[in-house]
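Dear colleague,

Please find the structure below. I would be grateful if you would read it alongside the notes that come after it.

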Amino acid sequence: MANKLLNTAKTAKKDEFYTQLSDIENELRHYRPHFKGKTVLCNCDDPRVSNFFKYFALNFEVLGLKRLIATCYKNNEPDLFSMNTCEQAVYIIYEGDKNGNKVPDPSEMEVLPLQGDGDFRSQECIELLKQADIVCTNPPFSLFREYVAQLVKYDKSFIIIGHQNALKYKEIFPLIQNNKLWLGYGFSGGAAHFISSYEDKASAGDHKAGMIRVSGVVWYTNLEIQKRHEELILFKTYNPTDYPKYANYNAIDIARTSDIPADYNGLMGVPITFMDKYNPEQFEIIGNTCDTDWLRGQGVGIMGAETIKKLRSQGNMAHVTANMNSLYIINGDGKIILPYARIIIRRKK
Ligand SMILES: C[S@@+](CC[C@H](N)C(=O)[O-])C[C@H]1O[C@@H](n2cnc3c(N)ncnc32)[C@H](O)[C@@H]1O
């Protein structure tokens, strides 16, 4: 149900999920030293309701921030469930506690009008972006590609929320491959509970009223974190039965990240959840099997009519055709197996 709602949000561009303060605290505690003397921008955040703004305002002195800027999109009414009805937006600047009561008071916040609707792509918002050292928010999922492209263009540090499926995007994957973006610590249980305006709230099993549970939500960052240098302990040994080779590519298939063999030095296809364990000193990322141009460049042939015929005779109606350069496996019984999306990696040590 939650993923269906996420798709609805995508198409309707509703994107109105709000991040819980506890999730922000859990992630950002790993980045503390990065904030000293820095200007933070939250540019998809109505400052009066955003927990990102709240987190940085409340921790301004603890983190040693220089400046906090937040811009809101369209709606300037203090309503958590923004309907984006008002074209005029505001931004807020906070420069720390002035009256010595150690609390961010409204009188210490500078509230300024924006000329336009607060779209992060507008020139005036880009001017604010230029002033920032670190950008931190949960941007609209539907604009994730554009959002990241802008951060990269202006060479900003960032800690942002997105869906793990974005890893496979043509615009995002090369950033990961070239170590310009990686995954943060993440949400407990691999799913986020967002505060949501949808009628259909979290299912009964979630026990969190007023929340929507979305699985596969991750933090993306380009700031150094300890996690990225932790080695994945490998304890399995390679054998051709448990690790079949693809029929049309010289790499072995690995169904679970924890099964990566300790003694295999060739190419390996691993699930995208591997990215959560990726340590660039331990592994090299070679490619992504969702990118058919890359597969073609690697010399991966098309599946061909015979393979498809065989697949159908097994009762497999997957959306593949004879001209696709999809990877497949022929198992010991001669059956055609189509693996899920894989990232191709190689061990460095
Ligand atoms: C997923 S919500 C997250 C809100 C807030 N950052 C949080 O984490 O609680 C994304 C927010 O981006 C805003 N938004 C949508 N399109 C935008 C745009 N083009 N520029 C800036 N903000 C936008 C939405 O109004 C919404 O509040």
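The model is predicted, so local features require pLDDT of at least 70 and side-chain atom pairs count only at pLDDT 80 or more, while totals for chains, interfaces and linings use all residues. Numbering starts from 1 along each chain as its sequence is written.

The average pLDDT (the predictor's confidence in each residue, from 0 to 100) is 89, and 88% of the residues score at least 70. Residues 8-14 stay under 50, with 6 contacts beyond four places in sequence; a contact requires C-beta atoms, placed from the backbone, within 7 Å. Residues 76-84 are also below 50, and this stretch has 19 contacts beyond near neighbours in sequence. Where pLDDT is low, the predicted coordinates should not be read in detail.

The ligand is surrounded by 21 residues (C-beta atom, placed from the backbone, within 6 Å of it), the closest being Tyr18, Thr19, Cys44, Tyr73 and Asn138. Strand S1 (17-18) and helix H3 (51-58) are the elements that give two or more residues to this shell; helices are DSSP runs of H or I with at least four residues, strands of E with at least two, numbered from the N terminus.

Helix H3 also meets helix H2 (residues 21-28): their axes, lines fitted to C-alpha atoms over the stretch in contact, come within 9 Å and cross at roughly 55 degrees, on a scale from 0 to 180 degrees between N-to-C directions. Leu21, Ile24, Glu25 and Leu28 of H2 make the contact with Asn51, Phe52, Lys54 and Tyr55 of H3.

With kind regards

Methods
Contact = placed C-beta atoms within 7 Å.
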